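Here is a short briefing on one protein model. Look over the sequence and the structure first, then read the notes by topic.

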Amino acid sequence: MGGILVYQRCGQAISGSSGLFRWMIFVSEPEQVIDRLEREHYQMVMIHLEEGEESGLKVASLIRGIPGYHLTPILFLAPDRRYEKAAFYEYHCYDYLVKPIRHNEIIRILYPFLIQLYTEKKERWMRVKIHGTIKEILLDDIFFIESANRSASIHTRDGIMEVPYLPLKQCLERYGSVFVQCHRCVLVNRNFIKRIDYRKKQIELPGCYADIGRQYEMVLRQEFDEPYRGNGNGREVFAEGRG
């Protein structure tokens with residue numbers, strides 16, 4: 001999910017707001033706004049209305065015409081109040097600020113959206129420490145995690161990442177909605193499970209298999225033991241070998 005899309009023809013974005021830039025994507029042409037919104041969903045669109053030109057209002061009209069963006073919050077930053085009525089009644093904006101805009105005004109408005117962005121980022125990424133450096137791994141890229149010799153091997157789309165001193169218990173506590181434990185030393189990503197074979201004691205994942213430990217079989221049966229069930233990505237999970 002994207003952050004905050006900012007449409008601005010020219011000039012300084014927001015004075016004193018460098019800490020916010022990591023959440024913002026800046027564009028200067030209406031076509032770029034449409035392209036961005038069609039490729040990724042944004043929490044808010046911020047539109048700078050410049051003196052003597054009305055392209056910002058045209059951008060607002062384009063946004064409201066895109067499916068899924070009828071109610072997306074739009075924040076107008078304007079040189080005066082001449083467009084305020086249209087902003088609220090025609091484009092249903094979230095707020096309308098007149099320049100020069102104080103830093104605390106922007107923070108007040110953006111704070112709820114930044115909290116939501118931070119929470120979503122935290123929920124989508126696993127943060128691990130490798131040789132004193134913090135690394136972030138997208139949870140949707142992890143097939144399974146295997147523990148051995150006081151370290152964890154994280155198997156991802158891009159290869160295997162070795163993380164020292166990473167307990168599986170800690171991973172399960174933090175990311176239990178994503179992973180399920182199938183063995184004393186293995187956590188698998190629910191979203192990548194293709195087939196569960198209880199006779200062979202194996203879980204099939206994309207391009208690999210994970211073993212099923214005897215004491216964890218019941219956990220898997222309780223969650224997956226049906227003739228078939230969807231796993232959230234349009235694929236089916238088969239639980240074989242019942243009985």
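A salt bridge here is a side-chain nitrogen of Lys or Arg within 4 Å of a carboxyl oxygen of Asp or Glu. By that cut-off, Lys 201 and Glu 217 form a salt bridge, with their closest N and O atoms 2.5 Å apart. The model is predicted. The protein chain holds six helices and 17 strands.

**Overall figures**

- The protein chain has 243 residues, and 47% of them count as buried.
- Its accessible surface comes to about 13900 Å². Carbon and sulfur atoms account for 49% of that surface.
- Take the contacts in the protein chain with a separation of 6 or more: 48% of them join residues 24 or more positions apart.

**Salt bridges**

- Side chains of opposite charge can pair when their charged atoms come close.
- The whole structure contains twelve salt bridges.
- What does the pair Lys 201 and Glu 217 tie together? Lys 201 lies in the loop between strand E13 (195–197) and strand E14 (202–205), while Glu 217 lies in helix H6 (residues 217–224), so the pair links parts that are 16 residues apart in sequence.
- Lys 201 is partly exposed, at a relative accessible area of 33%. Glu 217 counts as buried, at 14% relative accessibility.
- Arg 81 forms a salt bridge with Glu 84; the closest N and O atoms are 3.1 Å apart. Glu 84 is partly exposed, with a relative accessible area of 24%.
- Arg 127 forms a salt bridge with Glu 136; here the closest N and O atoms are 3.6 Å apart. Glu 136 is also partly exposed, with a relative accessible area of 38%.

**Helix H6**

- Which residues of H6 are buried? They are Glu 217, Leu 220, Arg 221 and Phe 224.
- These residues cover an arc of only 100° around the axis, which puts them on the same side of H6.
- Met 218 and Gln 222 are exposed on the other side of H6.
- An α-helix has 3.6 residues a turn, so residues three or four places apart point the same way.

- In helix H1 (residues 30–39), the buried residues are Pro 30, Val 33, Ile 34 and Leu 37.
- Seen down the axis of H1, the buried residues fall within an arc of 95°, so they line one face of the helix.
- Glu 31 and Arg 39 are exposed, on the face of H1 turned away from its buried side.
- The cover over the buried residues of H1 includes strand E1 (4–7), strand E2 (24–27), strand E3 (44–48) and helix H2 (55–64).
- Why is H2 largely enclosed by the rest of the structure? Seven of its ten residues are buried, so H2 has the rest of the structure around most of it.
- The buried residues of H2 are Ser 55, Gly 56, Leu 57, Val 59, Ala 60, Ile 63 and Arg 64.
- The cover over the buried residues of H2 includes E1, H1, E3 and strand E4 (74–78).

**Five-stranded sheet**

- Strands of a sheet pair through backbone hydrogen bonds, either parallel or antiparallel.
- Five strands form an open sheet, in the order E10-E9-E8-E12-E11, and the pairing is antiparallel.
- Strand E10 (159–164) and strand E11 (179–183) stand at the edges. Each has a single partner strand, so one side of each is left without a neighbour in the sheet.
- From one strand to the next, the twist averages 20°.
- Strand E9 (residues 151–156) pairs with E10 over six bridges, in the antiparallel sense. In this pair, Ser 151 stands opposite Pro 164 in E10.

- Strand E6 (residues 125–130) and strand E7 (residues 133–138) pair in the antiparallel sense over six bridges.
- Trp 125 stands opposite Leu 138 in E7.
- E6 and E7 form a hairpin with two residues between them. His 131, in the turn, has a positive phi of about 50°.

Definitions and conventions
Residues numbered from 1 in each chain as written. Predicted model: local features only at pLDDT ≥ 70, side-chain atom pairs only at ≥ 80, totals over all residues. Heavy atoms only, no water. Pairing = 2+ DSSP bridges. Helix = DSSP H or I, 4+ residues; strand = E, 2+ residues; numbered from the N terminus. Axes fitted to C-alpha atoms, helices over the stretch in contact; angles between N-to-C directions. Buried < 20%, exposed > 50% of the residue type's maximum accessible area, 1.4 Å probe, protein only. Arc of directions from axis to C-beta. Contact = heavy atoms within 4.5 Å. Areas by Shrake-Rupley, 256 points an atom, 1.4 Å probe, with all protein chains shown as cover.
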